[in-house]
Amino acid sequence: MLENLLIGFEAALTLTGLLCCFFGVTLGTFIGVLPGVGPLATIAILLPATFGLDPGNALIMLAGVYYGAQYGGSTASILLNLPGTATSAVTALDGYPMAQQGRAGVALFMTTIASFLGSVFGIVVVGFFAPLLASAALEFSAAEYFSLMLFGLVAAATVGGGTPVKSLSMVVVGLILGLVGIDVNTAEFRFTYGVMELADGINLVIIATGVFGVTEIVTGIMKGMDRQAVPHSISLRSMLPAHDDWKKSWFPMSRGMGIGAFFGALPGTGSTIASFMAYAVEIKMSKRPERFGKGAIEGLVAPESANNSAAQAAFVPTLTLGIPGDAVMAVMLGALMIHGIIPGPLLIQEQPQLFWGLIVSFFIGNLMLLVLNLPLIGIWVRILSVSPRYLFPAILVFICIGVFSIRSSPFDVMMVLAFGLIGFGMRRVGFPPAPLLLGLVLGPMMEENLRRALLIARGDPTVFVTRPLSAVFIGLTALILILTLSRGRLSRKSRTAKAMKEQSDAAP
Amino acid sequence: MLKRTNIVASSVMVMVGIAAVNEGMSLDIGSMRRIGPGFTPLLLGGSALVLAVALLFSRDGDIQPEPVKAAIRPFLSIGAAFAAFAFAIAHFGLVPAVIATIVISSFASPGSRWSNVTLLALGVAGVTAVIFRFGLHLPLPLFQWV
């Protein structure tokens, strides 16, 4: 373990590495604070800019944006009731009431501490479990990969918020979108309909920035977010929490960390679920649950440590198995592959300096964030008071430039717009966008593994259930499907039964 | 009886499914031993159609359909902003493209002050020039009178 850490320190403590880390976490915090554009869109936008860096440093920067955003997202939630990231939506539930009670400073301070501790826990999880998982993963062959990815997709769709059927639909759409372009095996055009620019497929960045970034901006304008009120200033002295606050926070933070690490490490689930779960657990465990939603500090620190812990732990399945834990990890995976690194069990063996350097950079980055966030809360507030009506155009410009720089193609720029509009339509109908990205990234890999598995098994499709490990994953997939779908039908049945009973009771 | 959003959602998936099945059939499906390019599209198209049926009866989960009022002004100005960028970046260079995009997209929010918009446009143009051109060395010409 020690020599691994030494390798890591050596790789991370270069000047470029530290600069990338600093830039990443600062940008991440800023993006997290900004309502609208989230870490996903930012990482997607930054991606082309990282092509000039070496893979290790590029990852350090992108990862910095990712967990940095978890810190920043809570700021907007607490001050403006406007979650900067999806995972900080839970933070607003008790954070905003706290701010309204004049305890904004305490809320922000405790959030930062909770986030830091959660991250450290998550880092430890990655450090210890990733190598274990990697060596176990060498038992995997094509059939196992296919089944595991299938499980990951279905788990993400059914467990991760939203109607399971709609999430599954988005997964399928994402898988189909991943097929656009030339088929590697036969050089046949698929889904290109004669448009030559589509021959190389639709770049992940384009879909991600469009469906998340542009859609967010368009929806924000439609909702009138560009005319939001401005928050007040905060004094440094008011930030320090009371002894009672600390006492109340330890256990929720610890529980949150554990929950976060669990969900983060599981492929298919990520920080959003972790934060919701942590909040739910706190309510269940509290002796006075009626305090929640009115400024209970437990409701603030538990989700915050959970989502940071999950954010770090999400790197486990991504780096060791090549299976992303959520949409952001999917983009990270894409980033790795663009740089020519194939994540998987061999990554740790073949590129130890990349892996351990990344882990060490997480720790350094979190330290930087701790130091950064506390004093700079005032500055974030000042920037947030710039009306979104001026921020949105600036963000659009960054999106355009970022996308254009991928292949100097104006067509790509218009594609982003198209996906932005599609994303708007999706929100109107209630289709969640994140599963789409998962499907997009996993699609080509799944098809490849499917082809390979069938080839090895000489066309026998039962191979997926005859090989033991694969059978386990298929079984889990089926289990999750049955559980979520029947739960839906059961509660519908009981509701209909209840309604009918009420009707017959009311009848004379 | 059926919710309107469910019908819309279902129709979308029906169209996706038909398109995928169509594409799959037009390509070689191959055999089970050696699947062809049409196999996966066919499989996914079939799944999409099954899901389309299920969608007709789905309940809303945590993510509700958002009944956001679709106003025409933001759509037009953001659309025009993108088009302006796409056109300008290729023919006029980065700085004109940035300025055009900011100015046009600021029409999406009524009531933006002209002085602020101009400042923003010039400021962002400067910042992006520094970051993207000088900082990251991306091949983006700043000015290009073609």
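Me: Why is D412(A) called buried?

Reply: The relative accessible area of D412(A) is 2%. Buried means under 20% relative accessible area, exposed means over 50%, and partly exposed lies in between (1.4 Å probe, protein chains only). D412(A) therefore counts as buried. The model is a predicted one, in which local features need pLDDT of at least 70 and side-chain atom pairs count only at pLDDT 80 or more, while totals for chains, interfaces and linings use all residues. Residues are numbered from 1 along each chain as its sequence is written, chains are lettered from A and ligands numbered from 1 in the order in which they are written, and side-chain values use heavy atoms, with hydrogens and water left out.

Me: Where does D412(A) lie, and what is D412(A) in contact with?

Reply: D412(A) belongs to helix α17 of chain A, residues 410-429. Helices (H or I, at least four residues) and strands (E, at least two) are DSSP runs, numbered from the N terminus. With neighbours within four places in sequence set aside, D412(A) is in contact with I206(A), V403(A) and R407(A). Contact here means heavy atoms within 4.5 Å.

Me: What makes the pair of Y66(A) and F315(A) edge-to-face?

Reply: The whole structure holds 11 aromatic pairs over all chains. In the pair of Y66(A) and F315(A), the ring centres are 6.0 Å apart and the planes stand at 75 degrees. Rings of Phe, Tyr and Trp (its six-membered ring) pair if their centres lie within 6.5 Å; planes under 30 degrees apart count as stacked, over 60 as edge-to-face and the rest as tilted. The pair is therefore edge-to-face.

Me: Why is the pair of Y66(A) and F315(A) said to tie together parts of chain A?

Reply: Y66(A) lies in helix α4 (residues 55-80) and F315(A) in helix α12 (residues 315-321) of chain A, so the pair ties together parts that are 249 residues apart in sequence. Y66(A) has 1% relative accessibility and so counts as buried. F315(A), at 2%, is likewise buried. Y66(A), Y67(A), F315(A) and F362(A) form one aromatic cluster.

Me: How do you know that the pair of F424(A) and F75(B) joins two chains?

Reply: The aromatic pair of F424(A) and F75(B) is edge-to-face, at 5.2 Å centre to centre and 90 degrees between the planes. F424(A) lies in helix α17 of chain A and F75(B) in helix α3 (residues 72-91) of chain B, so the pair joins two chains. F424(A) has a relative accessible area of 6% and is therefore buried, whereas F75(B), at 26% relative accessibility, counts as partly exposed.

Me: How much area do chain B and chain A bury between them?

Reply: The two chains bury about 6,000 Å² between them, with 76% of it on carbon and sulfur atoms. Buried area is the accessible area (1.4 Å probe) that two parts lose on being put together, summed over both. Elements of chain B that give two or more residues to the side touching chain A are α1 (4-26), α2 (39-55), α3, α4 (94-105) and α5 (114-135). In contact terms, 74 residues of chain B meet 65 residues of chain A.

Me: How many salt bridges are counted between chain B and chain A?

Reply: The count is zero. A salt bridge is a side-chain nitrogen of Lys or Arg within 4 Å of a carboxyl oxygen of Asp or Glu.

Me: Why is L354(A) called buried?

Reply: L354(A) has 9% relative accessibility and therefore counts as buried. L354(A) lies in helix α15 (residues 352-384) of chain A. Not counting residues up to four places away in sequence, L354(A) touches P55(A), G56(A), L59(A), I341(A) and L347(A).

Me: Is F191(A) buried or exposed, and what makes its phi worth noting?

Reply: F191(A), at 8% relative accessibility, counts as buried. Phi of F191(A) is near 60 degrees, a positive value in a residue other than glycine. Most residues other than glycine have a negative phi. The residue F191(A) is placed in the loop between β2 (189-190) and α8 (204-222) of chain A.

Me: Why is Y193(A) called exposed?

Reply: Y193(A) has 56% relative accessibility and so counts as exposed. Y193(A) also lies in the loop between β2 and α8 of chain A, and phi of Y193(A) is near 50 degrees, a positive value.
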